[in-house]
Structure formats: C-alpha cells, structure tokens
Amino acid sequence: MAIRRHGITVGIERVETRLLVSFKACGTLTHQDYQTITPIIESALAEVEHPQIRAFFDASELEGWELRAAWDDLKLGLKHGQDFEKVAILGHQQWLEWASKVGNWFIAGEVQVFEDEQSALAWLED
C-alpha cells in the first residue's frame with residue numbers, strides 16, 4: 001500500500017515590520033490544509049501594523065491544489081497581496097512558472113521561480 005502525503009508547513013519569523021514566511025507544500029493541497037494554516041498566517045499579520053512580507057515557498061513536492069484549496073489560496077492572496085514584497089518559489093515543475101505569473105496579478109511585489117534553494121534565499125535577501 002502506497003502512503004500519500006499532503007499538507008503544508010508554515011514558518012514565520014518577524015524582524016520589526018518585516019516578516020519572512022516560509023511554506024513547504026507536498027502532495028495535493030486541500031481546503032482542510034488552508035483551514036489549518038490561514039488562522040496562523042492571519043494571527044502573525046495582525047500583530048504588525050504595516051507588514052512587509054518576503055515569502056519562501058518550497059513547492060518542490062507540490063502536486064497541485066484541490067479546486068476549493070485554490071480558491072482559499074486566491075482569497076488569501078487578494079486579502080494580503082499588497083503586503084508581499086517578494087515571493088520566491090522553489091520547484092522544478094513546468095507549471096510553477098505559469099503559476100508565478102498568475103500570482104503576480106494578485107501580489108504587489110515580485111514573484112520568481114527557482115530550482116535552487118540558495119539562489120531563492122539570496123534573492124529574498126537582496
């Protein structure tokens with residue numbers, strides 16, 4: 001029997017008004033995953049008056065989203081899109097490049113896809 005993993009891990013570091021939010025996703029994300037992580041993100045952002053977010057999204061094991069989870073992701077992006085300065089997406093899947101372009105419609109900052117973690121983190125630090 002094959003074990004299918006899915007889910008998302010969230011890490012949040014805060015230095016004054018700047019937040020570094022890291023995500024690691026694997027498998028196919030579900031609405032339940034977003035019901036778990038959204039309050040964590042909302043709580044961290046509520047503590048900062050004008051947050052400046054830089055995000056690292058490790059999508060190297062991500063297979064996709066359920067339709068309702070994609071809607072949850074879109075709502076989160078619409079609500080907080082102006083707070084994002086940079087989003088680095090780590091992964092090698094061809095569809096990530098397309099997803100980053102769609103993300104640019106909803107996020108005020110820059111979105112880039114990387115195949116190397118060190119390059120992604122260095123770009124976030126620039």
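Mentor: Contact here means heavy atoms within 4.5 Å. This is a predicted model, with residues numbered from 1 along each chain as its sequence is written. Local features need pLDDT of at least 70, side-chain atom pairs count only at pLDDT 80 or more, totals for chains, interfaces and linings use all residues, and side-chain values use heavy atoms, with hydrogens and water left out.

Trainee: OK, start with D58, which element is it in?

Mentor: D58 is part of strand β3. Strands (E, at least two residues) and helices (H or I, at least four) are DSSP runs, numbered from the N terminus.

Trainee: Is D58 buried or exposed?

Mentor: D58 counts as buried because its relative accessibility is 10%. Buried is under 20% relative accessible area, exposed is over 50%, and partly exposed is in between (1.4 Å probe, protein chains only).

Trainee: What does D58 contact?

Mentor: Setting aside neighbours within four places in sequence, D58 contacts F23, K24, A25 and L90.

Trainee: What joins the side chains of W65 and Y34?

Mentor: A polar contact of 2.9 Å. That term covers a pair of N or O atoms within 3.5 Å; within protein, one must be able to donate a hydrogen and the other to accept it, and residues adjacent in sequence count only if both atoms are side-chain atoms.

Trainee: How does W65 count for accessibility?

Mentor: W65 is at 28%, so it counts as partly exposed. W95 is partly exposed too, with a relative accessible area of 29%.

Trainee: Where is W95, and what does it contact?

Mentor: W95 is in helix α3. Leaving aside neighbours within four places in sequence, it is in contact with L62, E63, G64 and W65. Between W95 and G64 the C-alpha separation is 9.6 Å.

Trainee: And Q93, what does its side chain reach?

Mentor: The Q93 side chain reaches the backbone oxygen of L62 at 2.9 Å. Q93 sits in the loop between β4 and α3 and counts as buried at 15% relative accessibility. Its contacts, leaving aside neighbours within four places in sequence, are A59, S60, E61 and L62.

Trainee: You listed I107. What does I107 touch?

Mentor: I107 touches G81, F84 and V87, not counting residues up to four places away in sequence. I107 is in the loop between α3 and β5 and is buried, at 17% relative accessibility.

Trainee: What lines the second largest pocket?

Mentor: E13, V15, R18, L19, L20, R54, L124 and E125. That pocket holds about 170 Å³ of space, and its lining has 4 nonpolar, no polar and 4 charged residues. β2 gives the most, with 3 residues.

Trainee: Last one, α4. Which of its residues are buried?

Mentor: A120, W123 and L124. Seen down the axis of α4, they fall within an arc of 100 degrees, so they line one face of the helix. Q118 and E125 are exposed on the other side. The elements covering the buried residues include β2, β3, β4 and β5.

Trainee: Which residue caps the N-terminal end of α4?

Mentor: D116, with a side-chain oxygen 3.3 Å from the backbone nitrogen of Q118.

Technical notes. 1 Å grid on protein atoms, 1.4 Å probe; cavity = no way out; pocket = protein on both sides within 12 Å on 5 of 7 lines; lining within 4 Å. Points joined across faces, edges and corners; volume = space filled by probe spheres on them. Nonpolar A, V, L, I, M, F, W, Y, C, P; charged D, E, K, R; others polar. Arc of directions from axis to C-beta.
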